[in-house]
Amino acid sequence: MNGTDRRATIRDLLQSRPLSVADLARRYGVSESTIRRDLSRLSASGEIVRTYGGALSSAVGEEQPLQERELLARREKAAIARAAEEHTTGGGLLLLDAGTTVGALASRLAARGGVTVATPGLTSINELAGVPGVELIVLGGTVRQLSLGMVGPLTEAAVSRLTAAAVFLGADGVVAGRGICEARPEQAALKELMINRSGAVYVLADAGKLGREESYWWAGFDAPWTLITDDGATQEQLAPFLADPLCTVEVAEVAG
């Protein structure tokens with residue numbers, strides 16, 4: 001593969017997830033200095049954005065419709081959902097966020113049954129509605145067309161009346177020591193309320209979301225929480241979370 005073709009495929013790869021210089025060097029069988037030169041050229045043309053140790057797509061800050069996100073990192077999301085399910089067997093109310101990764105967990109809960117779930121996410125609602133052995137509480141509100149999740153004062157009022165054993169959150173990005181970032185303030189506000197109403201907090205985020213902070217609005221953590229990610233996460237990505245005294249990290253193995 002010549003340099004022009006390699007740079008074109010790098011640009012396309014970065015549209016689905018950020019990648020490090022080391023990841024790209026291994027993928028293409030070239031030196032890290034060669035990859036850095038490729039990234040510099042792509043950055044100079046405005047096609048990508050350089051980050052510490054890697055790069056991401058220049059369009060990554062734009063929120064993708066849920067239908068597009070469903071096609072990304074499907075094996076990784078399935079692995080994360082398998083790991084997350086292990087934390088759902090203690091009984092009590094489970095609070096599920098909107099989003100595709102949490103929706104993968106909802107699918108597993110639907111197959112198992114015997115749970116009580118509250119959620120504002122239409123993906124999870126579609127998985128769980130009418131399933132024998134599942135008590136489903138729909139947290140109504142205003143539907144965001146991009147995420148197919150409900151937000152706003154009605155949703156927040158419903159959550160404020162609940163006490164959950166555990167909450168399972170998705171994210172546009174998650175940063176150690178800072179929290180979860182989202183595209184809109186109402187999303188961040190709802191996540192923060194969910195965190196405060198739950199005994200245990202789990203963030204389900206594939207490796208491509210670790211360290212991402214392009215969105216403006218944040219929900220932070222002031223109590224222990226668990227990050228569940230996939231084995232595509234590099235040590236460089238995981239190190240800040242492992243150093244965070246409030247964070248427990250679980251890495252789910254992606255099936256071959």
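Ring pairs join Phe-221, Trp-225 and Phe-241 into a cluster. Rings of Phe, Tyr and Trp, the last taken by its six-membered ring, count as a pair if their centres lie within 6.5 Å; planes under 30 degrees apart are called stacked, over 60 edge-to-face, and the rest tilted. The model is predicted: local features need pLDDT of at least 70, side-chain atom pairs count only at pLDDT 80 or more, and totals for chains, interfaces and linings use all residues. Residues are numbered from 1 along each chain as its sequence is written, and side-chain values use heavy atoms, with hydrogens and water left out.

How many aromatic pairs does the structure hold? There are three. In one of them, Phe-168 and Tyr-202 are stacked, with 5.0 Å centre to centre and 10 degrees between the planes. Phe-168 belongs to strand β9 and Tyr-202 to strand β12, so this pair ties together parts that are 34 residues apart in sequence. Helices (H or I, at least four residues) and strands (E, at least two) are DSSP runs, numbered from the N terminus. Phe-168 and Tyr-202 are both buried, where buried means under 20% relative accessible area, exposed over 50%, and partly exposed in between, with a 1.4 Å probe and protein chains only.

Trp-225 and Phe-241 form an edge-to-face pair, at 6.4 Å centre to centre and 80 degrees between the planes. This pair links distant parts of the chain, since Trp-225 is in strand β14 and Phe-241 in helix α10, 16 residues apart. Trp-225 and Phe-241 are buried as well.

Let us turn to the sheet. Its seven strands form an open sheet in the order β6-β5-β4-β9-β12-β14-β15, with parallel pairing. Two strands pair if DSSP finds at least two bridges between them. The edge strands, β6 (134–138) and β15 (247–252), each pair on one side only. On average, neighbouring strands of this sheet are turned by 20 degrees against each other, direction ignored.

Two helices on the sheet deserve mention. Helix α5 (residues 74–85) packs on the sheet and touches β9 (164–169), β12 (198–204), β14 (225–230) and β15; its direction makes about 145 degrees with that of β14. Helix α10 (residues 235–243) also packs on the sheet, touching β14 and β15, and its direction makes about 145 degrees with that of β15. Axes are lines fitted to C-alpha atoms, for helices over the stretch in contact, and angles run from 0 to 180 degrees between N-to-C directions. Contact means heavy atoms within 4.5 Å.

Next comes strand β5. Five bridges join β5 (residues 115–119) to β6, and the two run parallel; Val-115 has Val-134 as its bridge partner in β6. Strand β4 (residues 93–96) is joined to β5 by three bridges, also in parallel, and Leu-93 stands opposite Thr-116 in β5. Is β5 enclosed or open, and why? Four of its five residues are buried, so β5 is largely enclosed by the rest of the structure.

Finally, the whole chain. The protein chain has ten helices and 15 strands, and buried residues make up 49% of its 256 residues. Among contacts between residues at least 6 apart in sequence, 60% join residues at least 24 apart.
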